[in-house]
Amino acid sequence: MSRMTAYRRALGAVAVAPFLLPLWAAGPAQAHGAPTDPVSRVYACSPEGGDAAGSTACKAAVGANGAPFTAWDNLRIANVNGRDRQTIPDGQLCSGGLPAYRGLDLARSDWPSTSLKPGAALTLRYASTIPHTGTFRLYLTKQGYDSSKPLTWSDLPSKPFAEVTDPALTDGAYRITGTLPSDRTGRHVLYTIWQNTSTADTYYSCSDVVFPAPEEAGNAASPKAPVAENSATAAEKSKAPARTPARSGTPSSPTAPATPQTPDSTPLASTPDAGSGPSAPMVAGGAAAVLVLIGGAALALRLRRR
Ligand SMILES: [Cu+2]
């Protein structure tokens, strides 16, 4: 937080001479930003990253980098003007192709990650200290993404799942809201592009995220099944290739008749299970919601067949 403190001091100094403010605000970027939730690699591995900074992945990243990620808010390139894919080479998306951040491009499956629910609402927190105008675009790697290989542009869909222009800066952060794609399982990268309009810069960030595997979703729907205390950890351990849940709900499938009954069991989502971790009800709720959707789709298909 020392940087923020420094910026606040600078802000205070400017406030003493208010006539300088417009000039200063319109000048070169003085402060920048990066996602802190889902945490970006650069912030997690920075001196402000807390426990995550001590992870094996962060140590490797700093080692490959040759220096710590003290300037976690400065991963930016000038004059890209929307030509991200032509500017940043494949395999260097997380560093933006900037040598000072090359450690972030390591193809690893153990980056500090955030557990997310497919199809759920997401509010990405993007820490910043001084406002810039511009557009945030959030992309999620396509289903089938392999975290053991370098991230390439072809891993990302052409269209973002969320796009927000000029969100408010409150409590030191922008909050970008969107709805997550519903078909992702396993480990993915949330790629955030912030194209400024008040400066010439575009900012790039990789946030590592994990969606529960389909097996866990099934287990969580059973009232007596132990709910995964940390779906992220469990998903990381399961190296099985991610599979999409059978959302098409084949009417002749032997499992189909059971799914329409899941609404009866949904109270598990609100049952405070003392034995589970604090995130368990949310995980169970997400799983229940998915099953309700699956059940609904199956039911709809059957009704249509009659
Ligand atoms: Cu800036």
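Predicted model: local features only at pLDDT ≥ 70, side-chain atom pairs only at ≥ 80, totals over all residues.
## The β7–β8 pair and its sheet

Strands β7 and β8 (residues 173-179) pair in the antiparallel sense over 2 bridges; strands here are DSSP runs of E with at least two residues, helices are runs of H or I with at least four residues, and both are numbered from the N terminus. Two strands count as paired if DSSP finds at least two bridges between them. Residues are numbered from 1 along each chain as its sequence is written.

Stepping back, the pair belongs to an open sheet of 4 strands, ordered β1-β4-β8-β7 with antiparallel pairing. β1 (33-37) and β7 (169-170) stand at the edges with a single partner strand each, so one side of each has no neighbour in the sheet.

The loop between β7 and β8 holds D171, which has a positive phi of about 50° although it is not a glycine. D171 is also exposed, with 7 other C-beta atoms within 10 Å; a residue is called exposed at 12 or fewer such neighbours, buried at 20 or more and partly exposed in between, with C-beta atoms placed from the backbone.

N79 sits in the loop between β2 (76-78) and α5 (84-87). It is not a glycine either, yet its phi is positive, about 60°. N79 is exposed, having 9 other C-beta atoms within 10 Å.

For peptide bonds, look at D37 and P38: a cis bond joins them, with omega about -5°. P38 lies in the loop between β1 and α3.

## Helix α4 and its two faces

Which residues of α4 (residues 56-65) are buried? They are A57, C58 and A61. Viewed down the axis of α4, the buried residues fall within an arc of 95°, so they line one face of the helix; the arc is taken over the directions from the helix axis to the C-beta atoms. In general, an α-helix has 3.6 residues a turn, so residues three or four places apart point the same way.

The cover over the buried residues of α4 includes α3 (41-44), where contact means C-beta atoms, placed from the backbone, within 7 Å of each other. On the face turned away from the buried side, α4 carries the exposed residues T56 and G63. Just after α4 comes G66, with a positive phi of about 85°.

Key: Contact = placed C-beta atoms within 7 Å.
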